[in-house]
Amino acid sequence: MPCFPPPGSITICEINRYLITAESLSDDPAKETYGKVLGAVFSPVPFQPYLPLLNSEQDSEQGSRDNGQERGLTALQATLSNLFKWRFPLKDANLLTEVDIHGVSWHHHKHILAFISAPDQVMIRDYDDSESKDPCILTSEAQRDIKMLDWRPNGGRTLSIACKGGICIWSASYPGNAALVRPGIATFLGSLSRGSRVRWTLVDFLQSPNGEQVSALSWSPNGRYLAFASYESSSFTIWDVAQGLGTPIRRGLGGISILKWSPTGDYFFTAKFDGTFYLFETNTWTSEPWSSSCGYVTGATWDPDGRMVLIAFSESVTLGSIHLASRPPSLDAHLLPVDLPEIASLTGSSGIEKIAWDASGERLALSYKGSNEIYSGLIAVYDTRRTPLVSASLIGFIRGPGENPKPLAFSFHNKFKQGPLLTVCWSSGWCCTYPLIFRSHLLP
């Protein structure tokens with residue numbers, strides 16, 4: 001039977017397909033469970049929670065008081081949509097709150113965690129820094145309305161943050177080894193963690209065309225190229241960071257919600273809010289279009305070998321799996337279903353919100369919407385197999401701390417050597433990390 005965390009409990013970790021819970025949030029249960037195996041404890045990081053205004057109670061109350069203003073705004077949106085047919089309809093920008101926007105990210109080779117902690121603020125927690133347990137806060141005048149973030153592969157300690165008007169690039173500075181700032185960029189420094197000698201510096205700002213809101217980004221595996229897009233734009237851009245040059249790709253793809261480079265760099269996945277999605281090969285940037293009758297794509301994640309991509313849809317509890325049938329640059333592929341029957345039968349859900357797949361391909365985490373009250377706000381954890389096709393077996397559910405917690409964002413550490421490491425930012429104001437330990441040689 002799948003592990004179910006009782007109401008009022010808090011999930012700590014997995015040990016061999018069993019999800020362990022505790023009565024309170026502290027480091028003590030972690031030390032007694034996975035701490036003995038890993039030799040480390042990933043303490044939860046508190047932050048001031050914020051929810052998208054469109055979903056907040058304050059916004060609902062304000063909306064009921066200002067019906068006249070709301071009707072006027074709706075009319076204005078309709079007018080603007082008619083004037084700019086090539087743009088993504090403004091009313092559908094609300095869907096951004098329902099897409100996996102990657103609000104939490106682990107450094108590829110270090111135990112450094114970054115997550116969106118406020119609309120204009122990012123927190124960084126360095127678990128390798130023994131001198132400080134306090135997070136560093138990144139803010140600047142250029143960093144407004146953050147949508148997502150991602151670490152640069154093979155780029156040292158460099159973090160990209162998608163925001164209004166472009167992308168902020170931050171790098172770590174050390175005493176005697178300051179990060180290089182591109183000429184013309186106003187330098188901003190992140191707050192210094194107590195006891196730490198590392199300071200984060202805003203080193204570059206990649207401006208989006210026409211100052212549009214950047215709502216999706218993805219680094220190439222070698223860290224040379226940064227792809228980004230806006231739901232307001234008719235194309236996405238591939239930015240050569242070293243050269244400082246951006247190239248628009250495939251005009252006419254308005255309303256892009258998700259960009260995902262494959263682990264090998266040979267393929268590139270994009271999704272739109274109208275239910276269509278595309279698979280590109282990156283040699284000539286030709287593509288193959290697909291469409292969905294199950295709503296729009298809410299999340300997508302590649303397998304470790306870059307030979308298939310799992311896709312979640314807004315109106316289905318069945319995942320899609322695109323299997324590449326030939327070597328690159330071939331676009332010969334098959335779309336197959338991956339059934340998750342327990343999500344419908346146990347939770348009563350009608351759609352998947354977010355998904356994350358461990359780099360080993362052995363653990364899949366997902367959140368869902370419209371569930372029964374007892375299963376509301378939980379994260380489902382699956383044991384997955386990839387041969388010959390993708391299959392998933394439900395292990396159980398993760399419950400967060402606080403009152404009625406809901407997952408805002410979650411992600412796996414893709415290079416953690418001792419097994420899957422899942423981090424979740426909860427609406428209750430805690431960013432918690434869950435080691436999923438199932439290899440027998442790791443256990444005492």
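This briefing describes selected sheets, ring pairs and salt bridges of one protein structure.

The structure is a predicted model, in which local features need pLDDT of at least 70, side-chain atom pairs count only at pLDDT 80 or more, and totals for chains, interfaces and linings use all residues. Residues are numbered from 1 along each chain as its sequence is written, and side-chain values use heavy atoms, with hydrogens and water left out. The structure holds 23 aromatic pairs, and a search of the whole structure finds 11 salt bridges.

- Strands here are DSSP runs (E, at least two residues), numbered from the N terminus.
- Two strands pair if DSSP finds at least two bridges between them.
- Four strands make up an open sheet with the order S4-S5-S6-S7 and antiparallel pairing.
- Strand S4 (104-106) and strand S7 (136-138) each have a single partner strand, so one side of each is left without a neighbour in the sheet.
- On average, neighbouring strands of this sheet are turned by 25° against each other, direction ignored.
- Such angles are taken between axes, which are lines fitted to C-alpha atoms, and run from 0 to 180 degrees between N-to-C directions.
- Six bridges connect strand S5 (residues 112-118) with strand S6 (residues 121-126) in the antiparallel sense.
- Phe115 has Met123 in S6 as its bridge partner.

**The sheet from S16 to S19**

- A further open sheet of four strands has the order S16-S17-S18-S19, again with antiparallel pairing.
- Its edge strands are strand S16 (256-261) and strand S19 (287-291), each of which pairs on one side only.
- From one strand to the next, the twist averages 15°.
- S16 is joined to strand S17 (residues 267-272) by five bridges, and the two run antiparallel.
- Ile256 stands opposite Lys272 in S17.

- Leu259 lies in strand S16.
- Leu259 is buried, with a relative accessible area of 3%.
- Buried means under 20% relative accessible area, exposed means over 50%, and partly exposed lies in between (1.4 Å probe, protein chains only).
- Leu259 and Phe269 are 10 residues apart along the chain, and their C-alpha atoms are separated by 5.8 Å.
- Not counting residues up to four places away in sequence, Leu259 touches several residues, including Ala216, Phe228, Phe236, Phe268 and Thr270.
- Contact here means heavy atoms within 4.5 Å.

**Aromatic rings**

- Rings of Phe, Tyr and Trp (its six-membered ring) pair if their centres lie within 6.5 Å; planes under 30 degrees apart count as stacked, over 60 as edge-to-face and the rest as tilted.
- The ring centres of Phe236 and Phe268 are 5.2 Å apart and the planes stand at 25°, so this pair is stacked.
- The pair links distant parts of the chain, with Phe236 in strand S14 (residues 236-240) and Phe268 in strand S17, 32 residues apart.
- Phe236 is buried at a relative accessible area of 0%, and Phe268 also counts as buried, at 0%.
- Ring pairs join Phe236, Trp261, Phe268, Tyr278, Phe280 and Trp285 into a cluster.

**Charges over rings**

- A charge sits over a ring if NZ of Lys or CZ of Arg is within 6 Å of the ring centre and within 35 degrees of the ring normal.
- The charged end of Arg125 sits over the ring of Tyr127, 4.3 Å from its centre.
- Arg363 lies over the face of Phe438, at 3.8 Å from the ring centre.

**Salt bridges**

- A salt bridge is a side-chain nitrogen of Lys or Arg within 4 Å of a carboxyl oxygen of Asp or Glu.
- Arg17 forms a salt bridge with Asp383, and their closest N and O atoms are 2.8 Å apart.
- Arg17 lies in the loop between strand S1 (10-15) and strand S2 (18-22), while Asp383 lies in strand S26 (residues 379-385), so the pair ties together parts that are 366 residues apart in sequence.
- Arg17 is partly exposed, at 37% relative accessible area, whereas Asp383 is buried, at 9%.
- Asp383 also meets Arg385 in a salt bridge (2.5 Å, N to O).
- Arg385 counts as partly exposed, at 45% relative accessibility.
- Salt bridges that share partners join Glu14, Arg17, Arg363, Asp383 and Arg385 into one network.
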